[in-house]
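Thanks for coming. I will go through side-chain contacts and accessibility in one structure, and I will keep it short.

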Amino acid sequence: ACKFYPPDDVATNDKRLWPFYKKIKELGIPLFVHTGFNWVSPGLTSNCHPILLEEVCLDFPEIPIVAFHMGYPYCTDLTLLAAKFENLYGCTSLVPRFGLGYTKKAQEILGEFLAIAGPDKLIWGTDWSGSLAGHKEAAEYLETMQISQELQKDYHYPPITQETREKWAGLNLARIMKIKGPKSAK
């Protein structure tokens, strides 16, 4: 796979990137893209809005595109695009950082995505480069995260089932990276 970080470069739909996308297509690899707000570098958030992926998805439907950070705070835009385009996936690489403790916001982001785009489009990931404790917390989050009964009732969000958790934990990523693995994460 290849990760593109647009805040310090150009917008994801800048036509100067089309040769880059053509090469990714030729190589047959997934494209990972930072989406959402840029809070780390002095680069531009406007280069990272998930809506910019629409043109890329239209012109390169063969490339699996994994949008890191669920496009936060533009999660609904990413969710709707992931439902529209077969090749677009949402990566929850930011959700555990602010979702520890099962905050309502994290549940809403995941619930909306699962209800609209579905569990086959959800990718687990982390950009955590700190201590191993951060990875442990993120793994525990993946194992225990659940959509509250209240949100399931009020918004018709689905619960996170074991099957969804397995797809989210790695089966979806293995599929788009063409890695043969178990049919179940167990």
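Is arginine 16 buried or exposed? Arginine 16 has a relative accessible area of 63%, so it counts as exposed. Please keep in mind throughout that this is a predicted model.

Let me stay with arginine 16 for the charged contacts. Its salt-bridge partner is aspartate 14, and the closest N and O atoms of the two are 2.8 Å apart. Aspartate 14 has a relative accessibility of 18% and is therefore buried, the cut-off being under 20%.

One joins lysine 23 to glutamate 26, with 2.9 Å between the closest N and O atoms. Where do these two residues lie? Both are in helix α1, residues 18-27, and they are three residues apart, about one turn of the helix. Lysine 23 is partly exposed, at 41% relative accessible area, while glutamate 26 is exposed, at 60%.

The next bridge pairs lysine 25 with glutamate 62, and here the closest N and O atoms are 3.7 Å apart. Lysine 25 belongs to helix α1 and glutamate 62 to the loop between α2 and β3 (65-68), so this pair ties together parts that are 37 residues apart in sequence. Both ends are partly exposed: lysine 25 has 43% relative accessibility, and glutamate 62 has a relative accessible area of 48%. There is also a network, in which Lys15, Glu55 and Asp59 are joined by salt bridges that share partners.

Now the aromatic side chains. How many aromatic pairs does the structure hold? There are eight. Take phenylalanine 20 and tyrosine 21: the ring centres are 5.6 Å apart and the planes meet at 45 degrees, so this pair is tilted. Phenylalanine 20 is partly exposed, with 28% relative accessibility, whereas tyrosine 21 is buried, at 0%.

A second pair is phenylalanine 32 with phenylalanine 68, whose ring centres lie 5.4 Å apart with the planes at 45 degrees, so it is tilted as well. Phenylalanine 32 sits in strand β2 and phenylalanine 68 in strand β3, so the pair ties together parts that are 36 residues apart in sequence. Phenylalanine 32 is buried, with a relative accessible area of 15%, and phenylalanine 68 is buried too, at 9%.

Phenylalanine 68 has a further contact, because the charged end of lysine 3 sits over its ring, 4.1 Å from the centre, within the 6 Å cut-off. Another lysine over a ring is lysine 121, which lies over the face of tyrosine 89 at 5.3 Å from the ring centre.

To return to phenylalanine 20 and tyrosine 21, ring pairs link both of them with Phe4, Trp18 and Phe60 into a cluster.

Last, the surface. Which residues form a nonpolar patch there? The patch consists of Phe37, Trp39 and Val40, which together have about 330 Å² of accessible area. Phenylalanine 37 is located in the loop between β2 (31-34) and α2 (53-59). With a relative accessible area of 40%, phenylalanine 37 is partly exposed.

That is the end of my part.

How values were computed: Residues are numbered from 1 along each chain as its sequence is written. This is a predicted model: local features need pLDDT of at least 70, side-chain atom pairs count only at pLDDT 80 or more; totals for chains, interfaces and linings use all residues. Side-chain values use heavy atoms; hydrogens and water are left out. Patches are made of residues with over 30% relative accessible area and no salt bridge: like charges are joined within 9 Å, nonpolar side chains (Val, Leu, Ile, Met, Phe, Trp, Tyr) within 5 Å. Accessible areas come from the Shrake-Rupley method with a 1.4 Å probe; for residues, only the protein chains shown count as cover. A salt bridge is a side-chain nitrogen of Lys or Arg within 4 Å of a carboxyl oxygen of Asp or Glu. Helices (H or I, at least four residues) and strands (E, at least two) are DSSP runs, numbered from the N terminus. Buried means under 20% relative accessible area, exposed over 50%, partly exposed in between (1.4 Å probe, protein chains only). Rings of Phe, Tyr and Trp (its six-membered ring) pair if their centres lie within 6.5 Å; planes under 30 degrees apart count as stacked, over 60 as edge-to-face and the rest as tilted. A charge sits over a ring if NZ of Lys or CZ of Arg is within 6 Å of the ring centre and within 35 degrees of the ring normal.
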